[in-house]
Amino acid sequence: MQGVGFRPFVHSLATRLGLSGHVGNDVHGVFLEVEGTTAAVERFLVSVTEQAPPLAVIERITTDELAACGSGSFEIVASEAAGTRGTLVSADSTTCADCLREMLDPHDRRFGHPFVNCTNCGPRFTIVRDIPYDRPLTTMSAFAMCARCESEYHDPADRRFHAQPVCCPDCGPRLRLHDAAGVVLPGDPLAGAVAALERGEIVAIKGLGGYHLAVDATNQDAAATLRKRKHREDKPFAVVVSGPERAEDLCVVGEDEQALLTSPRRPIVLLRARTGTALAAAVAPGNRRLGVMLPYTPLHHLLLRQLDTPIVLTSGNVADEPIAYTEQQARARLSGIVDVFLSHDRAIHMRTDDSVVRSFRGREMLLRRSRGYVPQPIPLAWDFPRHVLACGAELKNTFCVAKQHHAFVSHHIGDLENHETLASFAEGIEHFRRLFEVDPRLVAHDLHPEYLSTKYAQGLDDVELVGVQHHHAHIAACLVDNAESGPVLGVAFDGLGYGTDDTLWGGEFLLSDLVDFRRLAHLEPVAMPGATTAIRQPWRMAVAHLVSAYGQHLPAELDLLRRNEQQWPAVADLAARGVSAPPTSSAGRLFDAVAALLGVRHAINYEGQAAVELEQGTDLDERGSYPVTVPAGGEPLRVPGSDLVRAVVEDLRAGVAAPVIAARFHNGVADMIAEVCTRLRESTGVSTVALSGGVFQNMLLLERTTARLEAGDFRVLVHARVPTNDGGISLGQVAVAGARDRCDSAVLPR
Amino acid sequence: LAHGAGGKATQTLIEAVFLEHFRNPLLQRLEDGAEFAVGRSRLTVTTDSFVVSPLFFPGGDIGDLAINGTVNDLAVSGARPLYLSAGFIIEEGFPVADLTRIVKSMAAAAQAAGVQVITGDTKVVQRGKADGCYINTTGVGVIDTEHELGIDTVRTGDSVLVSGPLGDHGITVMLARGELDIDADLASDTAPVHGLTADLLHSVPGVRAMRDATRGGVATILNEVATASKVAVVVDEDRLPVRTEVRGASELLGIDPLYVACEGRIVVVVDGEQTEAALAAMRAHPVGSDAAVIGRIGEDPPGLVLLNTAFGGTRIVDLLVGDPLPRIC
Ligand SMILES: [Fe+3]
Ligand SMILES: [Mg+2]
Ligand SMILES: [Zn+2]
Ligand SMILES: [Zn+2]
């Protein structure tokens, strides 16, 4: 990477150890020669990885022994002109401890400077317009360095040596507080914003990757108003707190979670919320978890120092639009929501959302991979023969470009049906092509003919298209995430994905490697009465599952049917006749059905809401389970979800409490997965299972499924670096296209 | 061949097969009718085949569809409909009483539209081969107006109107198939629009393009406009006229009324300055009494149709490739 202070670091390390030699960059990365005593050289080799600057990423070190040449000093040699090729752009990084100290020191010239940064921290990906990573090609080009900043920038001994966004109060960007008309409000901008938040107003704050909407998270009225104005009924908001102790006030924070919270990437970390805290109910209604992050820009630090209360920081958009990232956009689109805007004049080049992570069994698990992580590549163990572009899915879209052994998964793009999102998808692809000098010859896409990402791929000239089945892409992403190549038994459970038989899949057991797959088992297909409407109204899936389990005679005394008395016969009719009711083997729709049967959720306001709330409302102590009869034979095996539905209905009739039923259902699904995998291990000899797809965002299901499989002596792969939801699809597509291009298929038996 | 829902699959088929081999300047415009000169007269000819199940439904039958469909194609081309031909493909064993009923309603529709059926053809095919009865009609009309109509003449700042509620016909026919246990007080919107288009052209010089929104619905027409004129078509969700009954049934079936077929509704693009005049002219005619302005023509992004949703979001209204399956994961 450029501009992370690696060469000065090597220089000072070598000098300290009394070594001579040189360090420089070339097209392959960093090269260096050191000469000295064996002990010193060995010491050097250890320290070079252990003490590397925070933004440096060391993928591998290759060493050769050379004859001593007796040079006396250690030098940084100039980069070759072509030295920018193949170098990488850093992700944005949180304000480092040194910069923070300066900002809080009344005697420092950067005291209170909301844009303080150095070689080890600050904006990167979001301000880079083009390569090489050099100030004129960032959005900092608008600010001429003052003499003092300039001398820091040029001094190899300074911690701001070649820090491209370097600036100070004399020469840097400035804050301003303005209203929706753009009229600047008098007084200190920061104090004005703090006062507005204290009054319970909604403040738009320009962050690293776009505008946030902020309110005092302890103010119920303010949080409820924000929900109403933003058209976001139920989906939880994330909060920012001043430090780890404040996070502890609101949530139970484990050691791993503490590490995630304080990591320089500063993601939103999903934590177990405490009850009875000062947090307003409207922040995360009916949710056991809370998304928490720590301040990651100097501005956040300054704000939270003056206002020590948790603050809602949610993306600056209305409904499903992409996050606003220019002042013009923010004013145009957020004026109906926001009371005042805290802006500044450092432009954002790439809009980037906050990343969302959680800890699973001590390992970081990404749910949304964006700011702080992008554009760091995912390295593969093999090289791509040709450059590849993968266009990803439709919702939670990311794209991915790949060359050599690197897969560059994009920032979170969003739902492509929105026109601005689609535009940012196309612009993002162009940006990545330039930034990483990728000229894709292969373009991978989903099989769904209506995905706008598919249509984008099909509209490109002079490229070879590679269609990748949605669930194969999920499993391939999980394989690459774990640096494996299969074959595995891939369990892909999600909402919907287009199958090779032109129907919608989503409860799949695939024998899969990176090249190809066989569909060995799947959930028995059930109708989706009213197609897309059945997704928005989970009660319809419940009716469809009842029809599938009981045929003509539905258990009429069910609450669900009583509550939808007027409508259910027509919906049952659609399901029974298969009119406007496409069949699907989706596991997500099965979770929807059970959530509706239990009265948890009849219609949803955000994707996956019914399943999320079903998980939240589960009795965690309940160990009972519902059995599923896996059929003896057939390829593919058709696994009857109706067994689970009947068991749920029986317990409902017997008056068993909903949280207990929810737990037994989760356990039943976990048992069913383990049983099907056991059966498939017998016929294939494969004993590694990869779990992927949006349904495995359900931590309870993931935990129990993993435990059941491990108890049955399976090796289990789960996601970590890319999301298990459709945000991971582009990585899977890239891997499949690259693997097919290599033609090194461990050809699966057909 | 994929079953044509009137979307991209059909468009691709037309371009790859028919246009490829028939290519000529008149066909190439892919308008609803082809205009040509004979002596001093400017004439338009159009043809359409009618396939509907069931043959009889509330508000009409295949007979008046066959007349109105062709009359309307002539009308939106700016022509005054004159003469029609009618070709019948009839299944062996088809009740003569039903055929009579169909032909009677054709005669009534022709009279209402002021046209005459002056030539025809009948073929009887084997049982089970023609869903009862198929009808093809070809129509000739004369152009009396000076308007230069065309979906490739639309510009930024123009307005987009529809002549009435969306989706009545398509939803009525779906329900009439009797597969669904839904009662709705609905009838097909089948009607001749030649009077409406004549009045409109007479009083509004700024009419740029007219299309009847049949298969594929208003969404498909809007996409054709966006593509042909390289403009953005921006439609407001809350201005789309949709009857409560249609909305209810569409919701139940998970269908977007924007994509549902009409048989007596036209989409009109006019100079933005003449929006009110056009709306008034349309509303003054019985067939356009519920006309509405639904959107406008913008510059960016060219070739796309955008829908401003009730939430303030902007959704892309795309041409469908075939029978749509949900895209949500
Ligand atoms: Fe998926
Ligand atoms: Mg026609
Ligand atoms: Zn720093
Ligand atoms: Zn300065």
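**Figure 1. Pairing of strand 13 and strand 14 in chain B of the predicted model.** Strand 13 (residues 305-308) and strand 14 of chain B are joined by 3 bridges and run in the antiparallel sense; two strands are said to pair if DSSP finds at least two bridges between them. Strands (E, at least two residues) and helices (H or I, at least four residues) are DSSP runs, numbered from the N terminus. Within this pair, B:N308 lies opposite B:T314 of strand 14. The model is predicted: local features need pLDDT of at least 70, side-chain atom pairs count only at pLDDT 80 or more, and totals for chains, interfaces and linings use all residues. Residues are numbered from 1 along each chain as its sequence is written, chains are lettered from A and ligands numbered from 1 in the order in which they are written, and side-chain values use heavy atoms, with hydrogens and water left out.

**Figure 2. The open sheet of 7 strands in chain B.** The strands follow the order 9-11-8-12-10-13-14, and their pairing is mixed. Strand 9 (207-212) and strand 14 of chain B each have a single partner strand and stand at the edges, so one side of each is left without a neighbour in the sheet. From one strand to the next, the twist averages 25 degrees. Helix 3 (residues 62-76) of chain B packs on this sheet and touches strand 9 and strand 11 (266-270) of chain B, where contact means heavy atoms within 4.5 Å. The direction of helix 3 of chain B makes about 170 degrees with that of strand 9 of chain B; axes are lines fitted to C-alpha atoms, for helices over the stretch in contact, and angles run from 0 to 180 degrees between N-to-C directions.

**Figure 3. The interface of chain B and chain A.** In this view, 30 residues of chain B are in contact with 43 residues of chain A. The two chains bury about 3,100 Å² between them, 60% of it on carbon and sulfur atoms; buried area is the accessible area (1.4 Å probe) that two parts lose on being put together, summed over both. The interface holds 2 salt bridges, each defined as a side-chain nitrogen of Lys or Arg within 4 Å of a carboxyl oxygen of Asp or Glu. One of them links the side chains of B:R315 and A:E417 (3.7 Å, N to O). On the side of chain B that touches chain A, helix 8 (244-253) and strand 14 (314-316) of chain B each supply at least two residues. By class, that side has 17 nonpolar, 6 polar and 7 charged residues. Here Ala, Val, Leu, Ile, Met, Phe, Trp, Tyr, Cys and Pro count as nonpolar, Asp, Glu, Lys and Arg as charged, and the others, Gly among them, as polar.

**Figure 4. The open sheet of 3 strands in chain A.** The strand order is 2-1-3, with mixed pairing. Strand 2 (29-35) and strand 3 (74-76) of chain A are at the edges with a single partner strand each, so one side of each is left without a neighbour in the sheet. Direction ignored, neighbouring strands are turned by 10 degrees against each other on average. Strand 1 (residues 20-26) and strand 2 of chain A run antiparallel and are joined by 7 bridges; A:D26 stands opposite A:G29 of strand 2. Helix 1 (residues 6-16) of chain A lies across strand 1, strand 2 and strand 3 of chain A, at about 175 degrees to strand 3.

**Figure 5. Strand 7 of chain B and its pairing with strand 2 and strand 5 of chain B.** Strand 7 (residues 133-142) of chain B pairs with strand 2 of chain B in the antiparallel sense over 8 bridges, and B:V45 stands opposite B:V140 of strand 7. Strand 5 (residues 80-91) of chain B is also antiparallel to strand 7 of chain B, over 10 bridges. The bridge partner of B:L84 in strand 7 of chain B is B:G139.

**Figure 6. Backbone details in chain A and chain B.** A cis peptide bond with omega of about -5 degrees joins A:I131 and A:P132; A:P132 is found in the loop between helix 3 (97-104) and helix 4 (147-154) of chain A. The peptide bond from B:S53 to B:P54 is likewise cis, with omega near 5 degrees. B:P54 is in the loop between strand 2 (41-50) and strand 3 (56-57) of chain B.
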